[in-house]
Amino acid sequence: MNENLIKKTAQAMRQAKKVVALTGAGISVESGIPDFRGPSGLWEKFDPMEYATIEAFCSNPRKVWTMLKEMGSLLEKSKPNPAHLALAKLEQMGYLSSVVTQNIDNLHQAAGSKRVIEFHGSGKRLICMICGRMYESQGVKLEPLPPRCSCTGVLKPNFVFFGEPIPWGAHMEAREEAGNCELMLVIGTSAVVSPACDLPVIAKKAGAQIIEVNLEETQLTRNISNWILKGSASRIMQNLLDEVLENKE
Ligand code: NAD
């Protein structure tokens, strides 16, 4: 069944004037970065609800930094997988306008995607909680924890924790992309984190087709998505790219 749906998706992508991808943690699972759902070492050890909220960070930055340090070494080792690479290639060939990602792992950029809207910010930089000065994460020593600014303020990764607002520019840009695309690929997201989960709804209301790529159905599948390509993101996206390439005009 997937084979026909992949052909149908490739055809829809070739016909659409504008295609946007919305990605979530699932696209990076095959790069070794666990999502919040499946079995994983990191989130079994650190409950996201205990470690990934802004209240937790402000009340005990040292504790939260022990998790961030472990996450940082996972991110450092990770490489883009075929799903990230397929999206970069589709953009390069003119079939994809942009990637809106909820991820903070920089893997779309590492794969070669040029237009990446980081809806939740990025792990590449740290920001001082007091003076707002930015630091490249790689250059900051993580001993002792938490790392501090020269003004003594605590440094926080420049991505949003649960309870923080979405960066304004990325939010506006993502809503605009969603509102004027003709097709949205929704890859590896459970679509429960708001307001990112509103983007497929905005696209649908504006007339776009919504096609999901996921191991399992989500809350979008029944009411919003036109269809779902069930399976691993790397396999599905590689097959989709092959199909688009095969019938390229
Ligand atoms: P989520 O963890 O809530 O859901 C992941 C989704 O991906 C699930 O629906 C799952 O079925 C699917 N999935 C898992 N492995 C897959 C695979 N190999 N192929 C296809 N689908 C797969 O993730 P979310 O919806 O992105 O929301 C969680 C929040 O936490 C987001 O803000 C997210 O960015 C953040 N987060 C980011 C990272 C990262 O940067 N890589 C990792 C963990 C969490």
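Colleague: How many bridges join S1 to S7?

Modeller: Strands of a sheet pair through backbone hydrogen bonds, either parallel or antiparallel. Two strands are said to pair if DSSP finds at least two bridges between them; helices (H or I, at least four residues) and strands (E, at least two) are DSSP runs, numbered from the N terminus. Here S1 and S7 run parallel and are joined by 5 bridges, with Thr23 opposite Ile187 in S7. Please note that this is a predicted model, in which local features need pLDDT of at least 70 and side-chain atom pairs count only at pLDDT 80 or more, while totals for chains, interfaces and linings use all residues. Residues are numbered from 1 along each chain as its sequence is written, and side-chain values use heavy atoms, with hydrogens and water left out.

Colleague: In what sense do S7 and S8 pair, parallel or antiparallel?

Modeller: S7 and S8 pair in the parallel sense, over 5 bridges, and Met184 stands opposite Ile210 in S8. S8 in turn pairs with S9, in the parallel sense over 4 bridges; there Ile211 stands opposite Trp227.

Colleague: What is the order of the strands in the open sheet?

Modeller: The order of this sheet of 6 strands is S3-S2-S1-S7-S8-S9, with parallel pairing. Strand S3 (116-118) and S9 each have a single partner strand, so they stand at the edges and one side of each lacks a neighbour in the sheet. From one strand to the next, the twist averages 20 degrees. H11 packs on this sheet and touches S7, S8 and S9; the direction of H11 makes about 150 degrees with that of S7. Axes are lines fitted to C-alpha atoms, for helices over the stretch in contact, and angles run from 0 to 180 degrees between N-to-C directions.

Colleague: Why is S7 described as largely enclosed by the rest of the structure?

Modeller: Buried means under 20% relative accessible area, exposed over 50%, and partly exposed in between, with a 1.4 Å probe and protein chains only. In S7, 5 of the 5 residues are buried, so the strand is largely enclosed by the rest of the structure. In a regular strand the side chains alternate between the two faces of the sheet. Both faces of S7 are covered, with Leu183, Leu185 and Ile187 buried on one side and Met184 and Val186 buried on the other.

Colleague: Which residues have the most contacts inside the largest nonpolar core?

Modeller: In soluble globular proteins, nonpolar side chains tend to be buried together. A nonpolar core is a set of buried Ala, Val, Leu, Ile, Met, Phe, Trp, Tyr and Cys residues joined through side-chain atoms within 4.5 Å. The largest one has 29 residues, and Leu185, Ile187 and Met237 have the most contacts inside it. Elements giving two or more residues to this core include helix H1 (2-15), strand S1 (19-23) and helix H11 (233-246). H11 provides the largest share, 6 residues. Contact means heavy atoms within 4.5 Å; leaving aside neighbours within four places in sequence, Leu185 is in contact with residues including Met13, Leu22, Ile211 and Met237. Apart from this core lies another, of 26 residues, among them Met71 and Leu155.

Colleague: How many aromatic pairs does the structure hold?

Modeller: Rings of Phe, Tyr and Trp (its six-membered ring) pair if their centres lie within 6.5 Å; planes under 30 degrees apart count as stacked, over 60 as edge-to-face and the rest as tilted. The structure holds 3 such pairs. Phe46 and Tyr51 form an edge-to-face pair, 4.9 Å centre to centre with 75 degrees between the planes, and both residues are buried. Phe57 and Phe161 have ring centres 5.3 Å apart and planes at 55 degrees, so their pair is tilted. Phe57 lies in helix H4 (residues 54-59) and Phe161 in the loop between strand S6 (155-159) and helix H8 (168-179), 104 residues apart. Phe57, Phe159 and Phe161 form one aromatic cluster.

Colleague: Which ring does the charged end of Lys63 sit over?

Modeller: A charge sits over a ring if NZ of Lys or CZ of Arg is within 6 Å of the ring centre and within 35 degrees of the ring normal. The charged end of Lys63 sits over the ring of Tyr51, 5.1 Å from its centre. Lys8 lies over the face of Trp227, at 4.3 Å from the ring centre.
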